[in-house]
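Good morning, colleagues. Please look at the structure on the screen, as I shall speak about its aromatic rings.

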Amino acid sequence: MLKVDRKDLQFNKSIYIYFFIILFFCVLSKSLIAEPLPLITVGAEKNTTSLENLKIDDESKLLKYVKELQLQSQIIAKDYFYIAQGLREDKARIEIKESAREIDNILNILTVSIKNEEMQNLLIYLNEINLESKSVFNDSFSNENASLVIDFSETIYEGSQSIIEYLLQSTNNDKSLFNEISQQKFALQRINKFYIAYQAGFNDKTMLDRLAQSVKIFEKGLETLNLHKFLNYDQEFAFVRLKNSWAISKKFYEGMEKGDLTLIVSVSTDHLMSYLDKIISLENKF
């Protein structure tokens with residue numbers, strides 16, 4: 001599998017040069033992926049109004065944004081492979097555009113909100129590879145582009161995890177129901193990503209191991225949710241439906257090597273996601 005070597009990236013570029021490069025690519029990228037929001041990079045001295053509009057001081061809110069970034073990093077890659085396989089293409093194309101916008105927006109917010117120097121350098125890096133990914137998602141499917149998509153997805157995920165660990169140093173909000181549900185949604189999309197990538201030709205042991213690990217993460221998350229005291233009957237019922245559906249869906253995911261249930265896996269993932277969304281939407285309903 002091809003890997004992207006970014007050792008030569010220079011993080012000491014002039015902020016103004018970097019800003020104009022971003023604007024240039026925003027004009028050029030107009031096919032599959034929607035144009036990104038204009039990035040306001042760390043250290044920018046202009047656009048102060050936009051800076052104030054995007055800046056968030058509440059670290060618990062920033063934590064939610066970073067977890068959403070992780071989720072979208074899995075969805076956008078998953079949809080790339082579904083499009084390549086000719087499965088649920090209309091849905092995948094809509095989702096891939098939405099994910100691209102979300103990734104752009106969240107990176108903007110994090111870039112202007114987090115002042116730690118190490119995190120600023122990481123965010124500059126994530127912004128840059130996000131720009132690089134635009135042309136990859138717009139190109140026709142190839143093994144090289146598919147490898148880059150997987151690399152992009154994993155890099156955004158790992159970078160986001162570093163930001164989460166940084167934010168958790170000053171907030172204890174990681175045990176909230178919202179964050180537990182976010183972790184479950186992330187695990188599901190990650191499972192689906194590895195499943196469809198495997199069917200697209202990335203059928204090596206690494207994919208099998210990563211899917212198995214994600215299945216374990218989801219099951220552990222179910223155990224945690226099972227200890228949660230839900231506030232109402234509808235919420236409890238949604239959780240029961242989630243557990244029952246997972247007991248069936250798990251067998252589909254574990255049959256990745258056979259690869260004959262790709263469409264069912266996609267639909268099943270959507271159902272599981274809907275139960276997770278319902279649980280959190282009912283949190284304050286009495």
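One aromatic cluster is formed by Y80, F81, F137, F141, F152 and F202. The model is predicted: local features need pLDDT of at least 70, side-chain atom pairs count only at pLDDT 80 or more, and totals for chains, interfaces and linings use all residues. Residues are numbered from 1 along each chain as its sequence is written, and side-chain values use heavy atoms, with hydrogens and water left out.

The search of the whole structure finds 11 aromatic pairs, where rings of Phe, Tyr and Trp (its six-membered ring) pair if their centres lie within 6.5 Å; planes under 30 degrees apart count as stacked, over 60 as edge-to-face and the rest as tilted. Y80 and F137 form an edge-to-face pair, 5.8 Å centre to centre with 85 degrees between the planes. This pair links distant parts of the chain, with Y80 in helix α3 (residues 59-84) and F137 in helix α5 (residues 117-138), 57 residues apart; helices (H or I, at least four residues) are DSSP runs, numbered from the N terminus.

F137 also pairs edge-to-face with F152, at 5.8 Å centre to centre and 80 degrees between the planes. F152 lies in helix α6 (residues 143-167), so its pair with F137 of helix α5 ties together parts that are 15 residues apart in sequence.

Conventions
Helix = DSSP H or I, 4+ residues; strand = E, 2+ residues; numbered from the N terminus.
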